[in-house]
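Subject: Structure handover

Hello,

Here is the structure I said I would pass on. My notes come after it.

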Amino acid sequence: MKGSYRIEESKDDGDLEKPFLGPSSSSTIMASSSSISVVVLGTFFAVSGSYIFGSANVVQVGFSSPTQAGIMSELGLSLAEYSFFGSIMTIGAMIGALLSGHVSDIIGRRGAMWVSDILSIAGWLAIYFAEDAWWLDLGRLCVGLGVGFISYAVPVFIAEITPKNLRGSFTTVHQLMICCGVSLTYLFGTVVTWRTLALIGIVPCVVQLLGLLLVPESPRWLAKVGKEKEFEAALQRLRGKEADVSQEVAEIRDYTKSLQLQSEGGILELFDWKYAHSLIVGVGLMILQQFGGVNGIAFYASAIFTTAGFSSGVGTIAMVVVQVPLTALGVLLMDKSGRRPLLMVSAAGTCLGCFLLAVSFLMQDHRWCTEVSPTLALVGVLVYTGSFSLGMGGIPWVIMSEIFPINMKGSAGSLVSLVSWVGSWIVSYGFNFLMHWSSLGTFFIFSSICGLTVFFVAKLVPETKGRTLEEIQASMNSFSSGK
């Protein structure tokens with residue numbers, strides 16, 4: 001299995017064995033800027049949750065770092081208690097990720113995001129009113145549960161409501177808002193108290209909670225659960241009052257009918273051979289994303305700069321300045337250059353960044369050009385951060401939302417999200433041990449994994465740009481052609 005895949009075009013519009021209507025149907029799905037106002041609104045409200053993800057997820061760079069001294073002194077926490085507060089969110093996110101797909105299948109994509117909002121609001125309030133470590137940890141756990149739901153529900157919802165020619169860019173806004181959440185929370189934390197920062201965290205939750213009432217549910221989920229009238233009405237609202245959605249309605253309906261011959265997929269069924277390609281791509285990209293060292297670098301950037309002999313404050317600010325613009329550039333390029341080229345360029349850049357960091361530590365170990373090695377470390381971190389933001393940060397979530405058929409999407413999304421969070425925890429936990437073993441060896445390992453990602457994408461990841469979700473899923477999963 002390699003390269004990109006195409007499905008065979010149907011010569012007979014009534015042939016349900018080949019339910020896609022070829023180029024003629026595709027052309028009607030291309031959206032003009034005047035017909036996507038509801039899609040833009042839906043994306044905006046959805047990615048309000050992504051801001052929560054960013055503000056809560058990156059512990060050292062996000063909520064915890066700028067407020068660490070205030071929390072520890074006011075509540076009298078030990079370093080161990082504070083470390084537990086920082087890490088318990090990941091446990092909550094793992095649980096939330098495991099439940100997110102099933103909950104989204106039962107109550108819808110908007111419903112899952114509403115669950116996330118309620119959990120996150122409860123969590124931020126518990127943190128705000130906390131007078132001891134127990135309430136602080138409970139609040140952090142609730143926020144983690146909410147983030148676990150968001151990590152799956154947001155990209156899937158955006159992918160399912162967006163026209164194919166805009167789907168990649170719109171879905172990648174999820175990653176852009178995560179970056180904004182990290183950056184703005186870090187900046188806010190330098191000027192307000194930690195309790196005020198917790199109240200600020202409630203704002204995007206409320207925006208999403210109320211805003212989603214103004215936009216329709218995912219039409220593909222509505223079709224899946226048999227709500228035919230609501231499905232057509234939702235799609236018409238998303239494409240504009242004057243848009244002809246008959247071909248897209250037929251395509252989604254026919255594909256949904258073909259899926260009704262399949263049982264509702266559980267975790268075990270996901271390992272059936274017919275889903276092997278989708279599973280390898282979805283899980284593989286998440287493993288390579290996390291084990292390429294992103295959380296090692298993001299969570300411990302200050303320590304990296306200090307070890308390399310550079311100012312941690314200057315390095316962290318430089319990371320923020322690089323991250324947001326390059327994530328925005330990735331959004332703009334997503335539906336122009338395609339997913340595969342951006343992924344390969346991004347992975348190659350992260351490989352180079354880790355290699356430069358490894359060389360920096362090698363120079364330090366051997367006392368070579370000691371005045372150059374700190375600058376090389378800074379360049380390495382910035383190259384890695386910029387390259388990761390360009391593609392590897394957001395595109396795996398885009399592809400996850402595109403490649404699984406809707407009868408398997410809940411189980412697959414839960415599994416892929418869980419793999420991402422477990423990988424994040426493993427790298428975060430093990431990074432200090434690896435650095436103690438060998439700073440040089442640590443970043444050579446990360447560089448090698450990033451290099452492997454380039455070959456993985458080249459050989460296994462299909463190009464999904466400009467194709468409907470039904471076309472992508474049928475080309476990757478063989479049941480529709482009876483194989």
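Predicted model: local features only at pLDDT ≥ 70, side-chain atom pairs only at ≥ 80, totals over all residues.

Residues are numbered from 1 along each chain as its sequence is written, and side-chain values use heavy atoms, with hydrogens and water left out.

Helix packing

Helices here are DSSP runs of H or I with at least four residues, numbered from the N terminus. Axes are lines fitted to C-alpha atoms over the stretch in contact, and angles run from 0 to 180 degrees between N-to-C directions.

Helix α4 (residues 79-129) packs on helix α7 (residues 194-211) at about 165°, with the axes 9 Å apart. The pair is therefore roughly antiparallel (an angle over 145 degrees). The crossing is left-handed, that is, the near helix is turned anticlockwise from the far one by less than a right angle (clockwise would be right-handed). Contact means heavy atoms within 4.5 Å; among the residues making it are W114, I121 and W124 of α4 and W194, L199 and C205 of α7. By class, this contact has 15 nonpolar, three polar and two charged residues. Ala, Val, Leu, Ile, Met, Phe, Trp, Tyr, Cys and Pro count as nonpolar, Asp, Glu, Lys and Arg as charged, and the others, Gly among them, as polar.

Helices α5 (residues 133-161) and α6 (residues 167-189) have axes that come within 9 Å and cross at roughly 155°, so α5 is roughly antiparallel to α6. Their crossing is right-handed.

Cores and burial

Buried means under 20% relative accessible area (1.4 Å probe, protein chains only). A nonpolar core is a set of buried Ala, Val, Leu, Ile, Met, Phe, Trp, Tyr and Cys residues joined through side-chain atoms within 4.5 Å.

The largest nonpolar core has 50 residues, and L285, L343 and I399 are among those touching the most other members. Not counting residues up to four places away in sequence, L285 touches I280, L343, M392, P396, I399, F456, V457 and V461. Another core, of 48 residues, lies apart from it and includes I36, V47, C205 and W421.

In helix α17 (residues 395-403), nine of nine residues are buried, E402 being one of them.

R109 lies in α4 and counts as buried because its relative accessibility is 0%. Neighbours within four places in sequence aside, the contacts of R109 include E160, E217 and K409.

Regards

Terms used: Helix = DSSP H or I, 4+ residues; strand = E, 2+ residues; numbered from the N terminus. Parallel < 35°, antiparallel > 145°, perpendicular 65-115°, else oblique.
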